[in-house]
Amino acid sequence: DQGLPPEKHPAQAGTTLTLPMGTVVEEHIRVVNAQDRFYVAVTCPFAAGFEPMNPNLATSPPEAKPAGTFTRQPDYALYADDAVTFYFDKLPKGTYDFYFRLRSAVQGSFSHPPAYAELMYQLPVRGNSNGLRIKVQARKP
């Protein structure tokens, strides 16, 4: 299995995804950009029961590396405690895919917020995905 997430679960409003604690989840964010844009932030907040897995750290385990491939590498990436954000000085017209991994770390029921892309200096220009509810259960012995 090599630490790969086993199934796809597209985020659909009103749905709940149930996972055991310790599950590695690969997030796939797709941005469809209708025209050339400058100073774009793609922010992917995640449920409180998860911790980000930054594949760029020397101490990261192998399962931190996503299976998906970025369509375009960001100019800067921030892996924070509550969101992963990809920043672009320029994002040409096109469709872009971004991937990162999380691990479910805390048992409970959590809101997994929608991801969004916005122009950093024109905040009304933005788009977002769906969010969903996630339940993290204790591992079965």
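Let's start with burial. Of the 141 residues in this protein, 38% are buried. One thing before I go on: this is a predicted model.

Now the overall build. Read from the N terminus, the order is β-β-β-β-β-β-β-β-β-β-β. Along the principal axes, the C-alpha atoms fill a box of roughly 50 × 35 × 25 Å.

Next, contacts. Residues 24 or more positions apart account for 76% of them.

The protein exposes about 8,500 Å². Carbon and sulfur atoms supply 51% of that area.

Then the charges. There are 14 positive and 13 negative ones. How far apart are their mean positions? The answer is 5 Å.

Some of this brings us to salt bridges. The structure holds four. I'll walk through some of them.

Look at Arg101 and Glu26. They form a salt bridge, with the closest N and O atoms 2.8 Å apart. Where do they sit? Arg101 lies in strand β7, residues 94–104, and Glu26 lies in strand β2, residues 24–33. So the pair ties together parts that are 75 residues apart in sequence. Is Arg101 buried or exposed? Arg101 is buried, at a relative accessible area of 1%.

Now find Asp97 and Arg30. Their side chains meet in a salt bridge at 2.7 Å, N to O. Asp97 is in strand β7 and Arg30 is in strand β2, so this pair ties together parts that are 67 residues apart in sequence. Check the two ends. Asp97 has a relative accessible area of 12%, and buried means under 20%, so Asp97 counts as buried. Arg30 has 53% relative accessibility, and exposed means over 50%, so Arg30 counts as exposed.

One more pair: Arg126 and Glu118. Here the side chains meet in a salt bridge at 3.8 Å, N to O. Arg126 counts as partly exposed, at 46% relative accessibility. Glu118 is buried, with a relative accessible area of 16%.

To recap. Thanks, that's my part.

Methods: Residues are numbered from 1 along each chain as its sequence is written. This is a predicted model: local features need pLDDT of at least 70, side-chain atom pairs count only at pLDDT 80 or more; totals for chains, interfaces and linings use all residues. Side-chain values use heavy atoms; hydrogens and water are left out. Helices (H or I, at least four residues) and strands (E, at least two) are DSSP runs, numbered from the N terminus. Buried means under 20% relative accessible area, exposed over 50%, partly exposed in between (1.4 Å probe, protein chains only). Contact means heavy atoms within 4.5 Å. Accessible areas come from the Shrake-Rupley method with a 1.4 Å probe; for residues, only the protein chains shown count as cover. Lys and Arg count as positive and Asp and Glu as negative; His and the chain ends are not counted. The place of a charge is taken as NZ of Lys, CZ of Arg, CG of Asp or CD of Glu.
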